[in-house]
Amino acid sequence: MNTNNFEQLIDRKYTNSIKWDLYPEDVLPLWVADMDFEAPQPIVAALQQRIDHHVFGYEGPDEELLKAICDWVGRRHHWTVTPDQIMLMTGVVSGMNWVTNAFKKEGKKLLIQPPVYPPFFQVAKNTDTDLVEAPLICAEDGYQIDFDEFEKQAAAGVGVFILCNPHNPVGRVYTRAELERMGEICLRYGITICADEIHCDLVYPGHEHISIASLSDDLAANTITLMAASKTFNIPGLNFSFAVISNEESRKQMKKAASGMTGHAEILANAAAKAAFTECDAWLEKLLVYLEGNRDYLLDFIRAELPEIKCFQPQGTYLAWLDCRSLKLEPDAYHFFLEKAKVALNDGKTFGKQGNNFVRLNFGCPRATLQEALERMAAALH
Ligand SMILES: Cc1ncc(COP(=O)(O)O)c(C=O)c1O
């Protein structure tokens with residue numbers, strides 16, 4: 001039964017889930033970024049309806065789906081986009097590799113802002129592009145953009161900048177002023193922006209997701225924005241994402257880069273996405289309230305029971321970035337919690353060297369699971 005009860009404990013063991021089946025049975029997994037919740041009921045119904053047809057032939061472009069995407073982006077993010085600007089894709093990670101291949105410039109580099117989602121580093125290798133970094137600054141009151149370093153790298157020669165907003169793992173939702181300043185530098189130095197906005201729907205009260213491409217016509221023309229239904233509705237295994245490409249020339253460039261490399265329409269993913277973007281606003285509102293409760297529970301627990309761990313309040317995403325450096329754990333924070341607490345987190349150093357002795361915790365789970373993990377971590381430390 002699909003009741004969309006976020007408290008429900010679902011047994012995901014032995015389902016070939018990356019999250020649940022990588023570690024031994026006694027390990028509680030709060031790592032890879034999918035949630036332990038059922039997908040919204042309208043999505044399940046749409047998939048069932050499509051399956052009940054029993055014929056799975058090739059399908060053409062779906063105008064209703066494109067309209068649903070544009071309406072969603074307009075309704076939720078106050079950004080007007082049109083169906084001709086949407087390119088459907090099977091993944092945001094593959095999308096950023098396409099974008100970099102299509103827009104890299106001879107002799108110029110790829111710029112990222114670590115600590116950041118590990119596949120960002122891989123894009124440089126995949127596309128034969130040199131990587132440069134403008135690491136975020138871990139300030140007293142939260143992570144900040146290092147604009148001096150950003151501009152220094154831009155001036156030294158960057159072809160493509162991959163922005164992560166909301167930012168995985170630090171949970172920042174960038175302000176209009178920050179986006180305008182990054183955008184201005186990119187325009188001044190002719191740098192194409194690839195905006196990974198996969199977490200854009202998962203933003204907490206007090207913060208607003210702003211697509212960098214929505215800030216001006218010039219930025220729209222200079223940006224490829226990558227979005228998806230996967231994180232928002234917990235359907236990452238269905239591989240549905242899309243790019244918004246406002247500039248006609250850029251669209252041609254992207255299509256050329258993808259030419260012959262992509263298959264026909266993903267009929268199940270498309271059915272799911274259409275339901276997601278038309279019938280699931282209410283589900284998302286409830287999810288956000290639940291996730292905010294988890295986030296606050298986590299921060300309260302850390303303050304009371306694990307005060308040596310530092311964590312800034314995530315402004316978006318269901319990910320928390322835990323600074324365990326002052327604990328001086330052996331051999332490091334990730335292995336300590338895995339071995340002594342039997343809790344699997346993401347090892348911070350996979351997000352860049354700034355992440356040594358940090359761990360990333362995924363709180364997209366029933367509160368009882370989160371509580372159990374935190375209690376295990378506290379017991380291992382005390
Ligand atoms: C910032 C970011 N980009 C991309 C992805 C993965 O996207 P996809 O599964 O569509 O390749 C994730 C998943 O955690 C992510 O956090």
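Strand β2 (86–89) gives the most to the lining of the second largest pocket, with 4 residues. Helices and strands here are DSSP runs numbered from the N terminus (helices H or I, at least four residues; strands E, at least two). A pocket is an open set of points on a 1 Å grid over the protein atoms alone, where a 1.4 Å probe fits, with protein on both sides within 12 Å along at least five of seven lines; lining residues have an atom within 4 Å of a point.

This is a predicted model, where local features need pLDDT of at least 70, side-chain atom pairs count only at pLDDT 80 or more, and totals for chains, interfaces and linings use all residues. Residues are numbered from 1 along each chain as its sequence is written, and side-chain values use heavy atoms, with hydrogens and water left out.

| Pocket | Volume | Lining |
|---|---|---|
| Largest | About 1,100 Å³ | 45 residues |

Ala33, Asp34, Lys231, Pro236 and Gly237 lie nearest the centre of the largest pocket. Domain 1 (18–40 + 281–381) and domain 2 (45–279) both give residues to its lining, so this pocket lies between them; the domain bounds come from an automatic or database assignment.

How values were computed:
Points joined across faces, edges and corners; volume = space filled by probe spheres on them.
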